[in-house]
Amino acid sequence: MLSAFKNLKDKGLSAGLKAWLNEKYKAYGRVENITIDTTARRIILTINLHGENDAIELRLSHYEVQSEIGRVAIRLGRIECSRLWLEAVLNDWADTALKNRAYLVENTHVADLVRALL
């Protein structure tokens, strides 16, 4: 029973995150699929970027959710990608542009969803 609830929670979070990412980053492409495993703290995304012929797979491992009063951030672990150049760009961005590799969730609805489900 607990496993079924976890799977339902992961699927709900995946659907919400997919909708949010597709709206926020539509200028770059489209997320086709997201698989979230909250137990393993792993997110796998399949995305189609504008100008690319094939889908790209992104794997975020060992993420952490940091929740403080009025703020939610997702601290990113290692980012792996099926395109090595993009993997290097994303990890460099996470290391340099994000304080402690933490991505602040500014959308209050998404922050509430993350807080409630994780």
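In what order do the elements of the protein chain run from the N terminus on? The order is α-β-β-β-β-β-β-α-β-α, with three helices and seven strands in the chain, where helices (H or I, at least four residues) and strands (E, at least two) are DSSP runs numbered from the N terminus. The model is predicted, so that local features need pLDDT of at least 70 and side-chain atom pairs count only at pLDDT 80 or more, while totals for chains, interfaces and linings use all residues. Residues are numbered from 1 along each chain as its sequence is written, and side-chain values use heavy atoms, with hydrogens and water left out.

Of the 118 residues of the protein chain, 34% count as buried, that is, under 20% relative accessible area, against over 50% for exposed and in between for partly exposed (1.4 Å probe, protein chains only).

By the rule that rings of Phe, Tyr and Trp (its six-membered ring) pair if their centres lie within 6.5 Å, with planes under 30 degrees apart counted as stacked, over 60 as edge-to-face and the rest as tilted, the count comes to three aromatic pairs. Tryptophan 20 and tyrosine 103 form an edge-to-face pair, at 6.4 Å centre to centre and 65° between the planes. This pair links helix H1 (residues 2-24), which holds tryptophan 20, to strand E7 (residues 102-104), which holds tyrosine 103, 83 residues apart. Both tryptophan 20 and tyrosine 103 are buried. Tyrosine 25 and tyrosine 28 form a tilted pair, at 6.2 Å and 40°; tyrosine 25 is partly exposed at 31% relative accessible area, and tyrosine 28 counts as exposed at 55%. Trp20, Trp93 and Tyr103 form one aromatic cluster.
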